[in-house]
Every structure is written in C-alpha cells, then in structure tokens.
Amino acid sequence: GQSLEQPSEVTAVEGAIVQINCTYQTSGFYGLSWYQQHDGGAPTFLSYNALDGLEETGRFSSFLSRSDSYGYLLLQELQMKDSASYFCAVYNTDKLIFGTGTRLQVFP
Amino acid sequence: EAGVVQSPRYKIIEKKQPVAFWCNPISGHNTLYWYRQNLGQGPELLIRYENEEAVDDSQLPKDRFSAERLKGVDSTLKIQPAELGDSAVYLCASSAGDRGLPDTQYFGPGTRLTVL
C-alpha cells in the first residue's frame, strides 16, 4: 500500500520557525513535493526534492531522506499569510499522491 | 501567463441530478488532471490526460463519472447522477508533460460541489 503521514495541525507565532514532517510508504518513488493551499484556494507548488538533502527557496526549505522515507518543510520568519494547509506529495511512478495535509496557524 | 481556469466555482444540486465541471489548462500544457478533494483531505487523482488520451482513469468511478478532453485542450468532468457523497471540491491541474516525471502540476481554484 501507499501512505503519507503528516501532523494534522501546527501552530506558531509570527517570526518563528516551524517544521512540518512527512513520512511516506510507497513504491516507485521519484521524489517528494510540497504544496500550499489557503482556504478556498488552489494548491500551489512550493518545492520538490528528488535527492537527499536540503533545498532552499527563500523563507521555505525542504528536506528529503530517501533511506528514512522522510521529509520535512521548514518555514522561517513566519508571517500571517503563511497560515494555510501544507501537503506533502509523493511522485509515484506516474502520479502524484498527496498526504492529508497539515494546517498551519500563525498567530501575532 | 494565465493560470488554470475552472468553472463554475460553486455548484449546489440535488442528488440524482447531473452536473458538469469545465477546465481550461495553462496554454501549451499537454497533461491535464482532475482531482477530488474532500474536506480535510488531500487531492485524490480521478483521471489524467496526455493530450486527448485518458492514460490513467483507474480512480474514476465510471458508473457515474465521465470525462472528456476534446482537441487536447479544455476538459469537462461530468457526474450523472450525483450522490450525497460526491460533495467535494473538484480540482483541475495541468503540467507541461514534455519532460517526463516529475512534472510540476499547476492547479486551478476548483469547483466546490454541494449535493443536497
């Protein structure tokens, strides 16, 4: 079977750093992506990791460990606008499989 | 560059009625996807098109759902008849489809369907 696990909810304050973890179990693994979705909005691509290590894009970084079937999204200098749901998604052979999402709430 | 366009944004129907959703992908994108997203869940793939061809419809409930992508551009997803459990957001996404996997997918805003 295939499964992705991530925390259902995370809270933090403005300016803080938060890490959203994702563990996966799947076959035919190509890489791990992260998407952001504001309430009522479209999922928006944030990052993609095919190889082990850290990828940095501005305030957001994403990490992958293929041997541990584990990745995380790191959000720094949190802003109120970062309040949204974050989904990890595995590229599996020929499709993208999404996790259930982590709802991030940023407080002033 | 215009993004993925979907209409309508919202639809409320009674059960057993038909409903259709329309999607216009990003210009030049060969691959088009339809997803269903239930409340509090991640998107789940229903069908994937490569140009006009449906290459993965394994998760599409074919007894009531149908889709088409004429001329390899716009696509329509239809449900007939709708059931209460079909209430969800239906998302369309597209990708360039010319670089093999992985292929970044760009999502539309979705159609929120409520079946009463």
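**Exercise 1. Describe the second largest pocket: which residues lie nearest its centre, and which strands supply its lining?**

Step 1. In this predicted model, the second largest pocket is lined by 17 residues, and those nearest its centre are Ile97(A), Phe98(A), Pro43(B), Glu44(B) and Leu45(B). A pocket here is an open set of points on a 1 Å grid over the protein atoms alone, where a 1.4 Å probe fits, with protein on both sides within 12 Å along at least five of seven lines, and lining residues have an atom within 4 Å of a point.

Step 2. Its volume is about 370 Å³, a volume being the space filled by probe spheres set on the points, which are joined across faces, edges and corners.

Step 3. Strand 10 (95-98) of chain A and strand 5 (44-50) of chain B each supply at least two lining residues, and strand 10 of chain A gives the most, with four residues. Strands are DSSP runs (E, at least two residues), numbered from the N terminus.

Step 4. By class, the lining has seven nonpolar, seven polar and three charged residues, where Ala, Val, Leu, Ile, Met, Phe, Trp, Tyr, Cys and Pro count as nonpolar, Asp, Glu, Lys and Arg as charged, and the others, Gly among them, as polar.

Residues are numbered from 1 along each chain as its sequence is written, with chains lettered from A in the order in which they are written. Local features need pLDDT of at least 70, side-chain atom pairs count only at pLDDT 80 or more, totals for chains, interfaces and linings use all residues, and side-chain values use heavy atoms, with hydrogens and water left out.

**Exercise 2. Work out which strands stand at the edges of the open four-stranded sheet of chain B, and why one side of each is left without a neighbour.**

Step 1. The strand order is 1-3-8-7, with antiparallel pairing; two strands pair if DSSP finds at least two bridges between them.

Step 2. Strand 1 (5-7) and strand 7 (65-68) of chain B each have a single partner strand, so one side of each lacks a neighbour in the sheet.

Step 3. Strand 7 of chain B is joined by four bridges to strand 8 (residues 75-79) of chain B, where Ile79(B) is the bridge partner of Phe65(B).

**Exercise 3. Characterise the aromatic pair of Tyr24(A) and Phe29(A).**

Step 1. The structure holds 15 aromatic pairs over all chains. Tyr24(A) and Phe29(A) form one that is stacked, at 4.6 Å centre to centre and 5° between the planes. Rings of Phe, Tyr and Trp (its six-membered ring) pair if their centres lie within 6.5 Å, and planes under 30 degrees apart count as stacked, over 60 as edge-to-face and the rest as tilted.

Step 2. Tyr24(A) is buried at 9% relative accessible area, and Phe29(A) is buried at 16%, buried meaning under 20% with a 1.4 Å probe and protein chains only.

Technical notes. Buried means under 20% relative accessible area, exposed over 50%, partly exposed in between (1.4 Å probe, protein chains only).
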